[in-house]
Amino acid sequence: MRRDWLTLKTTPWSLGLLLTGILLLLQLTTLEERINFWLYDKAITTWSAPIDDNLALVGIDEHSLDALGRWPWDRNLHARLIDQLADAGAEVIVLDILFPEPSSSDQALADAMERHGRVVLPIHYSPATPKQRMAEQLPAPLLEKTASALGHVHVELEDDGVARGLYLYNSLGNHRRPALALAAQDRVNPSGHAPDAPAYTNVRSEFRFVPLAGGADTIPAHSYVDVLNGAVSLENFAGKTVFIGATAVGFGDILSTPFSGLGRPMSGVEFHANVYSASRQNTLISSAPGWASIALALVILLGLANSLPRLKPAATVLACSVSFALVLVTYFVVLRSLHYHLSAANALLLPMIALPVASGLRLAMANRFLNRQLDDLARTPQLALPDPSRRHPHQLLEHLSALLQPQGWLLAEGRDLLAVKGMTLADVPTNIQVGQWSHHGNQSWIRLIRGGSGYLLGLTLPDDLSREVIQLYLQNLKLEDPSAPALEPGAQENLSRRIEKVRTATERLSQMQAFISHSFERMPDGIIVTDELGVIRFANRHIEAWFREPMPSLSGLPLTRLLEGHDPRDAAPWYETVSETLTLRQSRTVDLKIHNKDFLIHLAPFALPDSNQFGIIANISDISELREQQRQHREAIDFISHDVRSPLVSQLALIEQLKRDPSHIDERQLEQLGRLARRSYHLAEEFVQLARAEQLTETRFYECEFLAIVENARDSVCEQAQEKQISLQVIGTEDLWLKGNAELLERAVINLMTNAVQYSPPGSAITVQVYRAGHLACLAIADEGSGIDQAELPMLFDRYHRQKRSELAGTHGTGLGLSFVKTVVEKHRGDISVESTAGEGTTFILKLPIADPMP
């Protein structure tokens, strides 16, 4: 498909539309808000506001809490402080302390407030919760009546958790409350009135940014206890507005500001003092109208869109830089001189976006004709696998550890250990050649040269049957290639670079073709590709093996004929399925039977890009194992519905019989009930044990001794054998160490011994022999029972299979015991066989690989 967008010229319209589209997409993110916050914070912290001379601050700090005791204090202390400040000539006292509950000392505080005459108290708005509406927290009635004014202390936090301003007025219901700083100045707008809103709705108005004088403690604060005790000169408060509030961190009344962030937050009373100072100096900052921000961005957009297409690359950089600087200057001038916060983020983003966009469009326009086909080839993915001989030893150790899971490793550069686990330099053998693995027992070593430095890499491999295979794999792994050519510096001439680019693209295309070919061959499923007439044009080796058709005969064979020849069907014939896939362009998934194996074939239509050719890709999956699992699942359902339910139903019926006549409980009935309960328990236990065995993996294996396992199993079955006077003898003295799960192995041996006891006549003998045969640990359990019919031997280890003769003789089993044994043995990579002669007995032979097969 031709990329016609590359043929567009860089015009004011194309550049302007592209910049506008990118800018609109950025509006979906929080980038604009974050840039505006950053600009404002930089301006405020660079040029901090002056502190008004008419302001004083009294803080309830840690020193005051230590001197006057735990909070809350008796309100008589606040009355004394007000009298102290009144005597000092304080003009206005702002008591930024909440008094929501009445107190016995309210009268003393009210009298002190009345004597001064200009004491302002705060109002707090409790936030709404799912169970409670928003409400005002007013001072106690007596204090509310005595206060000269009330002001709200609610501060709005931005999305980043930083306090940059507040609303001058909050309205809850019909009450319009000014901010605490405005109430202290008696600057409440008399023309304002609360809107007609519900009593639980907070209506805010006139948001203002606050130019702070600095971070926390910028405004000098006098300690509450020092002022109360007369340790502070009263001249500090004469004719001033005094803010009193908590500055100790323990009160929790703290706000993050542009000066502090979350590192050193500011107390609430100091923030309101800053609001008061800025309000007195008429420096509170309003938000600029939205049209001003749009107008600024539009001016920058039009200027860049009209100028950049005509400018040279160097001039483009200069134009974008000038535009960026112009926006910054405009923002700072409007903020500092006019006290308006202008949303300049979009105008700042435009030059930053315009430079790479204009350069990219110019580059695409200059190279579109020459590089169109070349770029298509160059974008072909590089599928060559990295050469291990070029990897650093650190990376090699990481990859080998993840792949092989060694028990230990060592990586050293010279005599310096870089990484080690369970190995030492003393273990290093002599005469290790560069690039050649040297194996000593379960340890493998190699020397590597990288960048002129020599490295030593050692691995401690698992000491089991997989060790030899891993060592052979390492021997064939090429980690050092002294003949690798050094990389030549890239050509500087433009034509040479293009020739090199063509060569690289051609190599990648060849690698892609080889990769596709090998991938189809190595896929676990069979793949068939047909043309638009349903004729096979490609098939991998699985198709050849499963259909037993030679590869030359597959190519050019209609897919319908291949399927009909191996799985003919009357209903929904194959030609309908194939033709509908091609004509309707719809995928089809159908069951397929080939040589008594179950498959699933998925037919999917496809079309080649830049072409009118189309066809079918058929994916054939072998689901024989899945079908077997489904069969086992159905057998399990049948087993549960019949074998498990039957004893339970009998128990319930017997219990109901006993309930009807509890006074005549027969001992035989109780024994029968016990037998049924034990049978139910054994059924459930064997079912659970089989499930555990099927889920067993080698991650749960550990070192265990086979003779001890057999002796423990003998002890578990000994009592059962003694009841029938059967001699159960274990023959074997050699310790045979296995790597496996001792618990499940012991259960498997118990099952075999239990079967031998169960099917042996009283007074007979059972011989259990443990011995070693080469690298195998062997167990032979021979009894003197009636034997097993030859016709039943092939099905002996199948699930739920029971011997007919045993069932007729009254010996009922679950059909799971021997299936469990076979599953455990196979999980341990072992083998189990049975030899039986009718009337002479049965011998089960179990073989397991030992942990160390070498003598």
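This is a predicted model: local features need pLDDT of at least 70, side-chain atom pairs count only at pLDDT 80 or more; totals for chains, interfaces and linings use all residues.
Me: Ala, Val, Leu, Ile, Met, Phe, Trp, Tyr, Cys and Pro count as nonpolar, Asp, Glu, Lys and Arg as charged, and the others, Gly among them, as polar. How does the lining of the second largest pocket divide?

Reply: Into 12 nonpolar, six polar and two charged residues. Residues are numbered from 1 along each chain, and side-chain values use heavy atoms, without hydrogens or water.

Me: What makes a residue part of that lining?

Reply: An atom within 4 Å of a pocket point; a pocket is an open set of points on a 1 Å grid where a 1.4 Å probe fits, with protein on both sides within 12 Å along at least five of seven lines. Here 20 residues qualify, and Asp96, Leu98, His124, Val153 and Asp253 lie nearest the centre. Helix H9 (268–280) is among the elements giving two or more residues. H9 gives the most, with three.

Me: Why is Asp598 called buried?

Reply: Buried means under 20% relative accessible area, with a 1.4 Å probe and protein chains only. Asp598 has 19%, so Asp598 counts as buried.

Me: What makes the link between Asp598 and Lys593 a polar contact?

Reply: The term needs a pair of N or O atoms within 3.5 Å, one able to donate a hydrogen and the other to accept it. The side chains of Asp598 and Lys593 are joined at 2.8 Å. Asp598 also touches Ser621, Asp622 and Arg627, among others, with contact meaning heavy atoms within 4.5 Å.

Definitions and conventions
Buried means under 20% relative accessible area, exposed over 50%, partly exposed in between (1.4 Å probe, protein chains only). Helices (H or I, at least four residues) and strands (E, at least two) are DSSP runs, numbered from the N terminus. Lists of a residue's contacts leave out its neighbours within four places in sequence.
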